[in-house]
Structure formats: structure tokens, C-alpha cells
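Please find below some notes on the model under discussion. They are arranged as numbered points.

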Amino acid sequence: MDVSKVLVRGCLLCDFKVGLSAAVSSRRICQAFGDSAVNERTTRRCFQKFRSRDLSLCDKARIGRSQALDDEALQAAIEEDNSQTGGELARQFNTSSETVRLHLHPLDYHLFHSLDNHLRGKSFTNEADVRQTLTDFFASHTPESYRKGIEQLETRWQKMLDADGDYFED
């Protein structure tokens with residue numbers, strides 16, 4: 001479930017006002033709205049903003065490089081060479097890798113979102129631990145879950161294009 005930024009920020013502000021830590025707040029919100037609702041790093045940034053007496057819940061207009069990116073051209077570039085990194089795509093479109101990531105994020109690639117959740121909070125001391133964790137992750141998914149995720153990609157991409165790359169809720 002996608003949750004609006006304003007709702008999450010309202011919850012963060014409430015948690016900040018009652019004195020919860022950023023770690024506790026982010027865990028609590030993820031428990032209520034799902035693992036992708038907010039991460040601890042974002043929560044810390046919001047708490048820092050609240051400490052500076054900025055209690056606004058909406059995004060402020062940003063100055064600097066435009067966030068505009070032709071989603072169809074981005075999709076075509078990926079289809080042409082899907083091994084490109086976000087940095088390579090950013091250079092190709094003369095934008096930041098963050099902008100590329102933001103334009104790809106609404107697609108919510110099923111596998112990577114799930115892998116991100118699986119790896120959250122883990123740290124590794126050697127390559128063998130990384131390999132074992134990844135092996136366990138891939139073994140824990142059925143072929144049906146991969147099929148379902150792949151089938152949803154086209155629908156999610158179209159939904160993002162229909163929203164002109166803007167935020168939308170499922």
C-alpha cells in the first residue's frame with residue numbers, strides 16, 4: 001500500500017511532538033502502513049526539520065536543476081540497454097541520478113522492492129554472508145511470485161506514464 005507523504009509526515013510530526021526517537025517512529029509507521037512507508041534516514045531528516053521549527057508537511061518548491069524527464073524516452077533507453085546504471089542514464093538525459101531513480105520508483109519493480117525489504121537492517125562482514133543471504137532470499141520466493149511481479153510491470157509503467165510521473169496511490 002502506498003501512503004501519501006503528507007500522511008506519513010503528519011504521523012512523524014506527532015511522534016516527534018510526543019518525544020519518540022526517529023528509529024522508533026519509522027518502525028511504528030512501517031508497522032502500520034507497510035515496510036515501504038518511510039525509512040529511518042528519512043525520519044531523521046524530518047525530525048531535524050521539525051527541530052528547526054519547520055513543521056510544514058508539504059514539499060516546498062525546489063530551485064535548481066529541473067526534475068523534468070521524458071518517461072517514454074527513459075523507458076526506451078532502458079529497453080535498448082537494460083544494463084545501464086542510474087548514473088549512466090542520468091548522464092544520457094543530462095539530469096541527476098536521483099531524478100532518474102524518482103522516475104523509476106513508481107514502477108516499484110517487484111523483485112527489487114522485496115529484496116530491499118529483505119536486506120533492510122542487515123550488515124555483512126564478508127562476501128560469503130552476502131551470497132548466503134541472497135541465496136536464501138531467492139529460495140524463499142515461489143515461481144508464482146516472480147510471475148506475478150513481472151506481469152504487474154507493464155500496468156505499473158502505464159500508470160506512472162498516465163500520471164505524468166507524478167505520485168499516485170494504488
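1. Basis of the values. This is a predicted model, in which local features need pLDDT of at least 70 and side-chain atom pairs count only at pLDDT 80 or more, while totals for chains, interfaces and linings use all residues. Residues are numbered from 1 along each chain as its sequence is written, and side-chain values use heavy atoms, with hydrogens and water left out.

2. Secondary structure. The protein has nine helices and zero strands, and the order along the sequence is α-α-α-α-α-α-α-α-α. Helices (H or I, at least four residues) and strands (E, at least two) are taken as DSSP runs and numbered from the N terminus.

3. Burial and surface. Of the 170 residues in the protein, 27% are buried. Buried means under 20% relative accessible area, exposed over 50%, and partly exposed in between (1.4 Å probe, protein chains only). The accessible surface of the protein is about 11,700 Å², and carbon and sulfur atoms hold 52% of that. These areas come from the Shrake-Rupley method with a 1.4 Å probe; for residues, only the protein chains shown count as cover.

4. Contacts along the chain. A contact means heavy atoms within 4.5 Å. Taking the contacts in the protein between residues at least 6 apart in sequence, 57% join residues at least 24 apart.

5. The second largest pocket. Its volume is about 200 Å³. The search uses a 1 Å grid over the protein atoms alone: a pocket is an open set of points with protein on both sides within 12 Å along at least five of seven lines, and lining residues have an atom within 4 Å of a point. Grid points are joined across faces, edges and corners, and the volume is the space filled by probe spheres set on the points.

6. Lining of that pocket. The residues that line the second largest pocket are A23, S26, R27, C30, Q31, D35, V38, N39, E40, R120 and G121. Helix α2 (residues 22–33) gives the most to this lining, with five residues. By class, the lining has three nonpolar, four polar and four charged residues. Here Ala, Val, Leu, Ile, Met, Phe, Trp, Tyr, Cys and Pro count as nonpolar, Asp, Glu, Lys and Arg as charged, and the others, Gly among them, as polar.

7. Cysteines. A disulfide is a covalent bond between the sulfur atoms of two cysteines. With the criterion of a pair of cysteine sulfur atoms within 2.5 Å, the count is zero disulfides. C30 is buried at a relative accessible area of 12%, and C46 is buried at 11% relative accessibility.

8. S25 in helix α2. S25 lies in helix α2 and counts as buried, with 0% relative accessibility. Leaving out residues up to four places away in sequence, S25 touches L12, D15, T43 and F47.

9. Not counting residues up to four places away in sequence, R9 is in contact with F50, L57, C58 and D59.

10. A77 in helix α4. A77 belongs to helix α4 and is buried, with a relative accessible area of 6%. Apart from residues up to four places away in sequence, A77 touches Q84, L89, Q92 and F93. For A77 and F93, which are 16 residues apart in sequence, the C-alpha to C-alpha distance is 9.7 Å.

11. A90 in helix α5. A90 is found in helix α5 (residues 86–92) and counts as buried at 5% relative accessibility. Its contacts, leaving aside neighbours within four places in sequence, are T95, S96, S97 and V100.

12. Backbone angles to check. Most residues other than glycine have a negative phi, and most peptide bonds are trans. R53 is not a glycine but has a positive phi of about 75°; R53 lies in the loop between α3 (40–51) and α4 (71–80) and is exposed, at 77% relative accessibility. N94, also not a glycine, has a positive phi of about 50°. The place of N94 is the loop between α5 and α6 (97–104), and N94 counts as exposed at 64% relative accessibility.

Terms used. On a 1 Å grid over the protein atoms alone, a cavity is a set of points where a 1.4 Å probe fits but cannot get out, and a pocket is an open set with protein on both sides within 12 Å along at least five of seven lines; lining residues have an atom within 4 Å of a point.
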